[in-house]
Amino acid sequence: MKFSFLSAAPIFFVFSGGFSTGADVPATGVVTQVVPYGTVTVHRSAQLATISPATVSAPQIGVAPQAPAPAAPSPLKSPVRAENPVKSAAARIDALVEAGLAKADQKPNPPANDEQLVRRLYLDIAGRIPTADESARFVKNKAPDKRATLIDLLLASEGYKSQMFNYLADMLRVEDDYGKQTKTYVYEDWLKDQISENRPWNDLVHDLLAAKGRLSNSGPVGYLLRDRGMPLDSLSNTLTVFLGANVACAQCHNHPLANWTQKDFYQMASFFGATEVGAAKGKNKVKKLVGGGLDKRTLTRLLAPNLAEVEEMHSNTLTFPQDYKYSDVKAGSAAPPKLISWSKSDENNPAYKVDVSNPEGLRDQFANWLTHRDNPRFATAIANRLWKRAFGLAVQEPVTDLDDPAKAANPELLAALTEEMKQVKFDLRAFQRVVYNTQAYQRQVSVTPDLGKGPYLFPGPLLRRMSAEQAWDSVLTLVVGPAVDNFKLRRADEVRRLDIPGAVLTSEAILSKARELQAQQMAEGKRRGGKAAKIGKNGGGAEVTAKEYEGTPPPMFEGLTLARASELPQPAKEAHFLRMFGQSDRQLADGSSLEGGVPQVLMMMNGDVQKVIASDASRVLQDAARQGSPELKVESLYFSFMGRRPTLIERQSASETLSSGLKLADLTWVLFNSREFIFIQ
């Protein structure tokens with residue numbers, strides 16, 4: 001695909017007129033106003049009032065007959081839904097939400113209309129906006145169960161897999177390189193496969209905690225290797241992410257605000273006391289083999305994924321620190337393995353039946369306990385997180401501190417979500433299907449509340465800005481269309497071919513593998529008629545190459561690879577759109593940000609993404625250009641960017657300016673830079 005771009009001069013629409021709101025509107029703020037063709041939202045500032053048609057009821061005018069662009073072939077068919085169980089579960093949750101609202105003398109928000117909901121569902125489930133055709137087809141569909149059907153289709157889509165990978169990569173701090181050319185591509189591809197196969201959450205997490213092997217042949221070992229050399233930090237992250245256990249302070253001293261002690265922390269860490277993470281003992285082999293005709297660079301690339309290993313030792317070596325200051329144990333003494341508990345009744349909990357007699361089995365016993373159905377926090381933690389993913393706020397905030405569930409905004413709701421997670425056997429798709437089918441989720445949004453005045457009780461989801469990944473993937477939807485889901489980055493084979501067979505890395509095995517790779521490179525070089533490529537060249541840097549994608553590679557535009565965020569380097573480079581819009585640097589769990597800033601505004605107004613949207617090869621412009629009149633062109637663009645028809649005033653104003661010389665590319669600039677585009681309502 002060849003891209004060139006048109007110049008896009010800044011065009012501003014200015015509307016005037018009186019609005020009788022029937023409410024006391026401050027000098028700054030937001031208020032909605034009913035007009036003959038729907039409702040608009042008035043954003044007031046001290047100097048400017050702009051109209052953002054955020055909650056527009058569909059006017060009774062014809063939908064532009066879209067000349068459908070060639071859609072990517074999709075194997076999706078409407079799956080058979082276990083409708084009654086989903087409806088029943090959703091109704092139970094709705095009853096608890098409404099009970100919480102009634103107790104606080106609050107009312108739920110009105111239901112969202114189809115135009116609002118279709119865009120919200122695509123963004124929350126598939127991680128992108130719908131195309132104009134997808135929005136229009138949903139709005140025109142008269143089937144009474146069309147919302148449930150769309151939820152099912154989106155949960156089975158490639159977009160869901162991409163969005164879930166982005167979510168888990170942020171939570172698990174996934175990054176391409178652990179340093180010194182230790183590539184994690186096997187881990188990344190393994191995680192994508194687990195999402196694609198819909199592995200139950202408890203099974204997936206158990207694999208992460210109990211995995212053994214090398215990064216060259218085992219995907220799940222990438223989790224523990226993320227913190228190699230820092231076992232205490234690794235445990236702290238594990239307990240916080242998977243259990244919402246606020247234990248970080250107890251690593252160095254008794255927790256000042258919770259019941260965890262330093263003794264508790266070290267006894268938990270003892271479950272990893274017989275685990276060797278990193279296997280640095282093989283580094284000296286590099287020095288010995290450099291003189292054998294192999295350069296150090298080649299050997300380093302070869303050995304890096306083979307030396308990144310997780311294995312069990314025969315004895316538990318963990319001890320309390322030498323500077324331990326409390327009198328309950330002796331400093332420097334052995335730390336016996338013991339599980340933390342939240343109440344005295346946990347002693348009779350089936351999850352706590354573990355065998356600590358065999359050091360080599362301690363980590364597996366820990367994994368069994370943490371992922372057990374009856375673990376006091378495991379199901380609650382992931383249910384609370386997924387609720388936040390859908391609503392913008394968790395039932396209990398922060399998600400990293402579930403020590404006291406009674407502090408939740410609605411404790412009964414949190415308990416019900418926990419039970420539902422257990423009922424679906426930790427099937428994250430099934431759980432989200434229930435959440436997205438609730439009336440609570442399908443209501444109009446609320447603005448972010450002042451939690452200092454009381455808990456948010458979920459009269460509807462919160463108005464949220466798109467995440468960095470949602471914004472980027474939505475840009476690609478405008479430019480490429482649904483075909484963007486066809487571009488799959490798969491780099492595990494680059495690392496697997498470096499795998500050295502055998503349980504022990506001997507000099508002979510290393511030399512044999514190095515010569516094998518050199519022979520392969522020479523053969524490849526002869527086929528190309530040039531020099532052999534170096535090991536890892538295509539996957540060793542921050543960029544990706546066309547050959548690393550399965551099938552047809554994504555298009556390029558001025559150095560940008562037009563593939564979804566999940567199919568790009570993890571994380572993206574600092575200057576990339578994704579990072580500028582808040583993608584995590586993967587140093588901290590859940591490190592992404594929704595905060596705005598001047599660099600984001602400048603990138604949307606004048607950056608490469610705006611240029612690619614306005615290019616003559618952009619699908620959104622091609623679809624609009626096919627329409628026969630200025631009015632239909634405007635309608636096509638509004639459906640593409642906003643998922644709705646334009647209001648009468650928007651249609652008239654834009655059509656008039658198009659007739660007087662405004663270019664379609666200029667109108668895309670206006671719509672892309674509107675607040676309505678970047679927010680999920």
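Student: How many residues does helix H9 have, and how far does H9 reach from its first C-alpha to its last?

Tutor: Bear in mind that this is a predicted model. Helix H9, residues 231-243, has 13 residues and reaches 18 Å from its first C-alpha to its last, which is close to the 18 Å expected at 1.5 Å a residue. H9 is followed by Gly244, whose phi is positive, near 65 degrees.

Student: Is H9 mostly covered or mostly exposed?

Tutor: A residue is called buried when its relative accessible area is under 20%, and ten of the 13 residues of H9 are buried, among them Leu235, Thr238, Val241 and Phe242. The buried residues of H9 pack against several helices, including H5 (158-172), H7 (201-210) and H14 (378-391).

Student: Which residues touch the most other members of the largest nonpolar core?

Tutor: In soluble globular proteins, nonpolar side chains tend to be buried together. Here the largest nonpolar core holds 105 residues, and those touching the most other members are Trp201, Phe242, Phe366, Trp369, Trp387 and Met421. A second, separate core of 53 residues includes Leu489 and Leu664. Returning to Trp201, and leaving aside its neighbours within four places in sequence, its contacts include Met171, Phe242 and Phe426.

Student: Where is Ala589 found, and why is Ala589 not counted as buried?

Tutor: Ala589 lies in the loop between helix H20 (577-580) and helix H21 (598-606). Because buried means under 20% relative accessible area, Ala589, at 25%, is partly exposed instead. Ala589 and Thr238 are 351 residues apart in sequence, yet 9.9 Å apart in space, C-alpha to C-alpha. Leaving aside its neighbours within four places in sequence, Ala589 is in contact with Asp170, Met171, Arg173 and Val241.

Methods: Residues are numbered from 1 along each chain as its sequence is written. This is a predicted model: local features need pLDDT of at least 70, side-chain atom pairs count only at pLDDT 80 or more; totals for chains, interfaces and linings use all residues. Side-chain values use heavy atoms; hydrogens and water are left out. A nonpolar core is a set of buried Ala, Val, Leu, Ile, Met, Phe, Trp, Tyr and Cys residues joined through side-chain atoms within 4.5 Å. Buried means under 20% relative accessible area, exposed over 50%, partly exposed in between (1.4 Å probe, protein chains only). Contact means heavy atoms within 4.5 Å. Helices (H or I, at least four residues) and strands (E, at least two) are DSSP runs, numbered from the N terminus. The expected span of a helix is 1.5 Å times one less than its number of residues.
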